[in-house]
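Please open the structure in your viewer and keep the selection tool at hand. The stops below are meant to be followed in order.

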Amino acid sequence: MTVVDLLLEGFESAFLPCSVILLLPGLASALAARQESTSALAGFTIGSMTLAYIRFSDRGLDLPDPVIALILAVSVVLLLIPLVRRLNVVSGLGGLAAGIGAGALWTPCVGSEFGSLLVDLPSSGAPGALQLWVYMAGVMAPLVVVGAFMYVIPRGAFLPVRPVMMAVGGGALAILSLATAAGLIDNVIGQLVEWSVT
Amino acid sequence: MNRGQYIAIFIGLLAAFGLFATATRGSDEGETVAAPAAADNDRTDTADDTAGDAGADATSSDTTAAPAPVLADAPGVYGMQGELVDLDGWLQAPADTELSDFDGQVHVVQFWTFGCINCKRTLDNMAALYERHQDDEFEIIGVHAPEFSFEEDVDSIASAAVDLNVSWPIALDTRKTNFRAWQPGRRFWPRTFVVDQLGQIRFDRIGEGAYERLNETVAYLIENPPTELTPEAQWMSR
């Protein structure tokens, strides 16, 4: 198992239905954060990678659905409502909350490389964590593209479409939050997956 | 160069990386059978598994042509098998089938769902294993635990079983009761266990891979049936 193999396997799984629940909240966070999408995606990455490591290394913290729903709801508030003037910080925190929620909901594809990593992860310490994050970097490569695209766009260009971005991004996160609270998240994701494969 | 050009180059590199990834994954599937992995008593993992995987990805005729290599040493014990309860029924087996019907046989218990790509990729090896040991005291039990709602439909499962060449008994674990009970901590699709004649789990694999180890474990247990529970299993079953 090499780092490159893990990265490639992660990248391959980015285009499989099992990654929808990780990538969708990330994309929604980037949209909802508008011109602060970079901060939001950075927070999202940290949140999702941390939660994934805690869960997959068997360190507990299997969050109950109501808690996940609450965390996603907090992310909506932080991303859409400028509570303080430091918008980049608030957006980063909003992304972090969305990342924690996504990391708690995500059930990854398990190929041969990732399967081998998972066997050792509970006992492998920092090297295992790094390998997991390499795998996740592959899975989240599409978010990097989105982040880069939004980064290169001049900030002024966001102004006309800001309401649309807020509605789509915030709306998607709010729907995920409500679906999780109602115990319907599997149905929502299943429907998305069904659409994506047909 | 301005910031935009840097970003454009980055995206171009990422796209090239993606093409490389796709090409690399595709070429793996055509490799020929690799030498069997070295046997040891450790849990299956790492580079040896990857070498074995290439072989297992070969066609069924390749894998059934030669007898399975057998482990040199007895595989370890990971615990006692659980039960299969609260099922919605069985496919390709009588409706009143129970897990205890397979006591005294080596059996593979695999948690899978038909929409899962990683589960599907294990099935060629499973089919070859099933065919290889069709005259032995051996069975495979596929426990179908749907990940998404569209995978709950029984007709769809039955149709997928035909398409995927799954000819062994399928337990319908629609509510995922057993999926959770057999994986109390971390839960993944697929999860594959090999259970010996006494109900001891002798192989446990998350995800794809470790096919050589799986095949060798089954062959070892068929040739060397345990006569009594290991001390670890006795302790675990108390």
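**Inside the second largest cavity**

Three nonpolar, three polar and three charged residues make up the lining of the second largest cavity, where Ala, Val, Leu, Ile, Met, Phe, Trp, Tyr, Cys and Pro count as nonpolar, Asp, Glu, Lys and Arg as charged, and the others, Gly among them, as polar. This is a predicted model, in which local features need pLDDT of at least 70 and side-chain atom pairs count only at pLDDT 80 or more, while totals for chains, interfaces and linings use all residues. Residues are numbered from 1 along each chain as its sequence is written, chains are lettered from A and ligands numbered from 1 in the order in which they are written, and side-chain values use heavy atoms, with hydrogens and water left out.

To see this lining, select A:Glu9, A:Glu12, A:Ser13, A:Leu16, A:Cys109, A:Gly111, A:Tyr135, B:Asn118 and B:Arg121. The space they line is about 30 Å³. On a 1 Å grid over the protein atoms alone, a cavity is a set of points where a 1.4 Å probe fits but cannot get out, a pocket is an open set with protein on both sides within 12 Å along at least five of seven lines, and lining residues have an atom within 4 Å of a point. Grid points are joined across faces, edges and corners, and a volume is the space filled by probe spheres set on the points. Helix H1 (3-13) of chain A gives the most to this lining, with three residues; helices and strands here are DSSP runs (H or I, at least four residues, for helices; E, at least two, for strands), numbered from the N terminus.

**The largest cavity**

Next, turn to chain B and select B:Gln110, B:Thr122, B:Phe203, B:Arg205 and B:Tyr211, which are among the residues that line the largest cavity. Its volume is about 60 Å³, and its lining divides into four nonpolar, six polar and two charged residues.

**The largest pocket**

Now select A:Arg55, A:Ala104, A:Leu105, A:Thr107 and A:Asp186, which of the 30 lining residues lie nearest the centre of the largest pocket. About 760 Å³ of space lies in this pocket, and its lining holds 15 nonpolar, five polar and ten charged residues. Helix H10 of chain A provides the largest share of the lining, four residues. Show the confidence colours here, since H10 (residues 185-197) has the lowest mean pLDDT among the elements of chain A (76), pLDDT being the predictor's confidence in each residue, from 0 to 100.

From A:Asp186, step across to B:Lys176, which touches A:Asp186, B:Ala145, B:Pro146, B:Glu147 and B:Trp189, not counting residues up to four places away in sequence; contact means heavy atoms within 4.5 Å. B:Lys176 is found in the loop between strand S5 (170-172) and H6 of chain B. Is B:Lys176 buried or exposed? B:Lys176 is buried, because its relative accessible area is 12%, and buried means under 20%, exposed over 50% and partly exposed in between (1.4 Å probe, protein chains only).

**The largest nonpolar core**

Finally, select A:Phe56, A:Trp106, A:Leu132 and A:Met136, which touch the most other members among the 52 residues of the largest nonpolar core, a core being a set of buried Ala, Val, Leu, Ile, Met, Phe, Trp, Tyr and Cys residues joined through side-chain atoms within 4.5 Å. Helix H3 (residues 37-56) of chain A contributes the largest share of this core, eight residues.
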